Amino acid sequence: MALPLFIHEREAHQDLKKVLGSFTGRLPRVCIHCFTGDREELVHYVKEGYYIGITGYVAKKKRGSNLRAMITEGLLPIHRLMIETDAPYMCPDDRRCKSYHRKNEPCTLPVTAQVLASCYGMEYDAFCKATTANAATFFSLPEMKLDCRQHHHHQQQQNHHHTGGLTHSPLALLLLLLLLLTLTLPPPLLLPLHLRVQMTLAIRKQARSWTTLNSNA
């Protein structure tokens with residue numbers, strides 16, 4: 001089926017080199033997942049035409065310094081780069097990720113992208129478009145149009161206004177109080193789970209509606 005191949009190699013470069021070498025000319029697209037290797041390994045993989053998956057490891061101040069240096073030096077062409085999370089591992093060393101208690105999540109991916117964009121000397125928007133195009137090529141996905149700056153700004157706006165929308169929307173606040181009240185009731189009077197879920201969704205909807213209304217005012 002020629003599906004793309006993800007490979008996670010850890011301290012076994014020479015063994016993997018032999019294994020893949022026996023399939024020369026017959027391999028599909030290959031990505032070396034969560035690359036943390038040295039210069040020799042990176043040069044070899046790139047020469048073979050493999051994609052290189054980079055995670056939040058590159059954003060770790062000490063452990064990721066060698067990898068940042070190799071990328072800055074130009075050993076990893078941008079068209080062979082794949083950015084990854086490797087969640088829940090490889091969380092970037094960044095104050096914005098502290099609330100995750102060192103457990104990585106997909107929402108930290110922009111931090112990794114920002115560090116890598118700096119290594120390539122690229123604008124964040126252009127970097128995101130390039131790596132998105134790489135992913136589309138690797139996975140044979142339809143062409144995707146992406147405005148990273150707009151998306152990033154929208155996410156920041158959502159995060160900034162989320163609490164305010166919940167606090168200042170009268171209906172959302174009322175629903176929240178009712179939900180909290182029901183949680184204090186004894187088991188026989190406790191609302192069924194599906195009703196509590198519906199109330200939670202209603203609270204979120206009202207908070208977002210109020211936020212949108214205020215931001216457009």
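Me: Is Arg39 buried, partly exposed or exposed?

Reply: Buried means under 20% relative accessible area, exposed means over 50%, and partly exposed lies in between (1.4 Å probe, protein chains only). Arg39 has a relative accessible area of 44% and is partly exposed. This is a predicted model, in which local features need pLDDT of at least 70, side-chain atom pairs count only at pLDDT 80 or more, and totals for chains, interfaces and linings use all residues. Residues are numbered from 1 along each chain as its sequence is written, and side-chain values use heavy atoms, with hydrogens and water left out.

Me: How many salt bridges does the structure hold?

Reply: Side chains of opposite charge can pair when their charged atoms come close. A salt bridge is counted when a side-chain nitrogen of Lys or Arg lies within 4 Å of a carboxyl oxygen of Asp or Glu. The structure holds 2. One of them joins the side chains of Arg39 and Glu73, at 2.7 Å from N to O. Arg39 belongs to helix α2 (residues 39-47) and Glu73 to helix α3 (residues 65-73), so the pair ties together parts 34 residues apart in sequence. Helices (H or I, at least four residues) and strands (E, at least two) are DSSP runs, numbered from the N terminus. Glu73 is partly exposed, at 47% relative accessibility.

Me: Where do Asp125 and Lys129 lie?

Reply: An α-helix has 3.6 residues a turn, so residues three or four places apart point the same way. Asp125 and Lys129 are 4 residues apart in helix α5 (residues 124-138), separated by about one helical turn. Their side chains meet in a salt bridge of 3.4 Å, N to O. Asp125 is buried, with a relative accessible area of 17%, whereas Lys129 is partly exposed at 42%.

Me: In what order do the strands of the sheet stand?

Reply: Two strands pair if DSSP finds at least two bridges between them. Here 4 strands form an open sheet in the order β1-β2-β3-β4, with parallel pairing. The edges are β1 (5-7) and β4 (81-83), each with a single partner strand, so one side of each has no neighbour in the sheet. Parallel strands β1 and β2 (residues 30-32) are joined by 3 bridges, and Ile7 stands opposite Ile32 in β2.

Me: Which strands does α5 touch?

Reply: Contact means heavy atoms within 4.5 Å. Helix α5 packs on the sheet and touches β1, β2, β3 (51-54) and β4. Among the buried residues of α5 are Phe127, Cys128 and Thr131.

Note on methods: Axes are lines fitted to C-alpha atoms, for helices over the stretch in contact, and angles run from 0 to 180 degrees between N-to-C directions.
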